[in-house]
Amino acid sequence: MSKMKIVIGQGSCGIAAGAAKVYDALDNAIKAGKLDADLSITGCIGMCYLEPIADVFTEEKGAVVKRTYVQLNGSDAADVFALIQKGDFENEAVKKYEISEEDENNLKSQTRVALRNCGNIDPENIDAYIATGGYEALKKVVSGMTQDEVIDVIKVSGLAGRGGAGFPTWFKWNAAKSSPGDEKYLICNADEGDPGAFMDRAVIEGDPHTLIEGMLIGAYAIGAKEAIVYVRAEYPLAIIRLKNAIKQANERGYLGDNIMGSNFSCKMRIKAGAGAFVCGEETALIESLEGQRGMPRLKPPFPAASGYFQKPSNINNVETFANVAWIINNGGEAFAAMGTQDSKGTKVFALTGKINKGGLVEIPMGSTLRDVIYGIGGGIRENKKFKAVQMGGPSGGCIPADLLDTVIDYKKLSATGAIMGSGGMVVMDESTCMVDMARFFLDFTAKESCGKCAHCRLGTKRMLEILERIVNGEGKDGDIELLEELCVSIKDGALCGLGQTAPNPVLTTLKYFRHEYEAHIYEHKCPAGQCRSLVTYTIDADKCKGCTLCARQCPVQAISGSVKNPHVIDTEKCIKCGKCIANCKFGAISVN
Amino acid sequence: MDCCPECKNNKSDLSLLEPVFKELADEKGSLIAILQQAQEIYGYLPTDVLRCIADRTGIKPAKVYGTATFYTQFRFKPVGKYLIMLCQGTACHVNGADMVLDAISSELGIGDGDTTEDGLFSIKCVACLGCCSLSPVMMINEETYGTLTPTKAVQIIRDIKESEANGGAAQ
Ligand SMILES: Cc1cc2nc3c(=O)[nH]c(=O)nc-3n(C[C@H](O)[C@H](O)[C@H](O)COP(=O)(O)O)c2cc1C
Ligand code: SF4
Ligand code: SF4
Ligand code: FES
Ligand code: FES
């Protein structure tokens, strides 16, 4: 290599942060002869808070040196990289984009198995995947392992489903393999419904061949000749990249008839979801694949016995499959060596909310929540106080500050009332109202309930009404008890996981933050100052100098008044954004 | 096919569906894929299109409609030129997405699911666009906008309005 190589992160969120503009700026500079470099793309590296990010590889004294530049701008990228090309690394204009040591170490402190290639290789190029040892595991499997041997390696690894429930993967594979019949299906659940999680998106966008390889190994193990990926409709880029990868794999003989010269054949296709959270539940997903309304089926029969069009089927999550090729290559023991007694390997989390360094994180099981939030995540924004972390989305719960040292392990997390979940970790600070959080999730589940069971359909609606009443300051004595009663009956009366777990966000907030419920009901106060019906913004006419600044800043024109005269806020219009308070130089605006 | 007043009003060019039927009509379980492609073509699912799909697939009209209404992706009304998909997922909620919704609703005078009278903007709340680390996030047509504040969101909308007024160079 003599030419400089520039690799730009182009995951969905990188693009949203402006990575495509940076790419275009450099591409134009190269075409105009102002820059001499090979330009390529990669997926999500996980440091989403630093996007747009570029890795630069240069040759110095015979060795390849990698430098990372972050928070780039389309407007000056061409100039910055021209300086880099000249070797002017110490130039202030370049230096200011260089990644800090702290951020660099953040990445190094992670253990990457499922994300091993994300952010390192070009997801649109199969050769880049092959160069990392890609499809070696598939070759090993189809050319010399029996179905049972494959299942055994997975059993030794201790791999458990990463879609939420944490069920042992080998057990499901074995059940599907043992089911009678020739026509079997392998299905990948890429519905990623938890709003606030994007692990699966990152894997598909950043390393689609890892998913394909893992799925093919699974298909071999259970004896399936057809594999289907059910992808969320909201992930257009993931669908494009996966389609492209399937096409490449077909062309190279990794997919299709007689894969790599063996007598194993398997086809793969994509089905786009159509926006229904319940379709992440495996039997509802099957209904949806069959072109029906996505309503869960009664289990048993389990999909392993009777799934897609009544044929034996196995469903796994994207991240589950993303671990498989690594396990075959490195052995089940190597995977099992990471983690705790009950939870093996690593887990990917999408760290978001009021966190300094939001992004994707992969760490060994057995790390603590503190390691993730205060270590890799860099703590809470604006130095505020950490209040709770929400795990498991609508099926999960909030874990409070005094349990920050909880170990990441399926059993230990369940003991808190939350769950491991699929990997969403939404961090909340002192300004987040926990009653509102519960209301938010119930609003979600009430909308997403498929309507099959009365307890779920009506129960979530009733719970939502009570919670809405409470956050609006109209809560009544007895509401908390009524909520608790509904929680129990919904859990008992629901058919599928959606209904059975819908009360969890309420139960955990009641367990750890009951005082916040009580403050809303009995004192008509929101301790976090978030519930908008319980706060009003007013301008103190004595202090207001009529500078008009607030009126100009208000996004909804709720403030009126003429120059040098006291202004007033129309409380009907005010959306309580706080912008006026933050801008008033005279301290004339108050909230209570 | 004038089964009701509604049908009389919508006269879609049904011949556009032919390639879709050719590809998918005989495939088992392809109803959702057909509906998705039809929506691509027409921008929404007009009643006559739904009826045509029922005729050609042999699936009962009630079932076609029942399936389509189950999924939030499908629309039964035309959408504006600019479809604002505003994320109301957990991460965006925690970072103030509801204030962004209030601000753009008040700017456009419409709520979630509605379209402005001039047919320019529609607002649709969605759950998670997968860019949570940039929350709050909205997507207008193909473009994603992150780390929104009410002010920033309103400004983006005003910019689009202005470019439309000046001859409508898209975004
Ligand atoms: C309401 C509901 C939503 C779910 N959503 C998802 C999802 O988005 N992605 C996923 O992989 N699993 C989801 N699951 C779990 C699946 O039913 C299933 O357990 C999982 O896909 C199995 O794969 P695994 O064993 O690899 O985890 C959901 C379950 C329920 C009850
Ligand atoms: S529990 Fe809720 S979502 Fe699940 S099948 Fe019953 S009604 Fe549908
Ligand atoms: S809080 Fe926000 S919406 Fe309300 S008056 Fe102040 S700036 Fe306007
Ligand atoms: S999308 Fe680029 S780091 Fe997350
Ligand atoms: S929660 Fe809004 S993008 Fe994920």
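Biologist: How far is the sulfur of Cys188(A) from the closest cysteine sulfur?
Modeller: This is a predicted model. The closest cysteine sulfur to that of Cys188(A) belongs to Cys266(A). A disulfide needs the two sulfur atoms within 2.5 Å. The gap is too far for a bond, because it is 13 Å.

Biologist: How many disulfides does a search of the whole structure find?
Modeller: A disulfide is a covalent bond between the sulfur atoms of two cysteines. The search covers all chains. The number of disulfides found is zero.

Biologist: Is Cys188(A) buried or exposed?
Modeller: Buried means under 20% relative accessible area. Cys188(A) has 0% relative accessibility, so Cys188(A) counts as buried.

Biologist: Which residue of strand β3 of chain A stands opposite Val7(A)?
Modeller: β1(A) is also joined to β3(A), residues 54–60, by four bridges. Here the strands run antiparallel. The residue opposite Val7(A) is Asp55(A).

Biologist: How much of the accessible area of ligand 1 does the protein cover?
Modeller: Among the residues that come nearest to ligand 1 are Gly163(A) and Thr320(A). A backbone N or O atom of Gly163(A) lies 2.7 Å from an oxygen atom of ligand 1, and a polar side-chain atom of Thr320(A) lies 2.7 Å from a ligand oxygen atom. On its own, ligand 1 has 610 Å² of accessible area, and the protein covers 88%.

Technical notes:
Residues are numbered from 1 along each chain as its sequence is written. Chains are lettered from A and ligands numbered from 1 in the order in which they are written. This is a predicted model: local features need pLDDT of at least 70, side-chain atom pairs count only at pLDDT 80 or more; totals for chains, interfaces and linings use all residues. Side-chain values use heavy atoms; hydrogens and water are left out. Two strands pair if DSSP finds at least two bridges between them. Helices (H or I, at least four residues) and strands (E, at least two) are DSSP runs, numbered from the N terminus. Buried means under 20% relative accessible area, exposed over 50%, partly exposed in between (1.4 Å probe, protein chains only). A residue is near a molecule or strand if one of its heavy atoms lies within 4 Å of it. A polar contact is a pair of N or O atoms within 3.5 Å; within protein, one must be able to donate a hydrogen and the other to accept it, and residues adjacent in sequence count only if both atoms are side-chain atoms. Accessible areas come from the Shrake-Rupley method with a 1.4 Å probe; for residues, only the protein chains shown count as cover.
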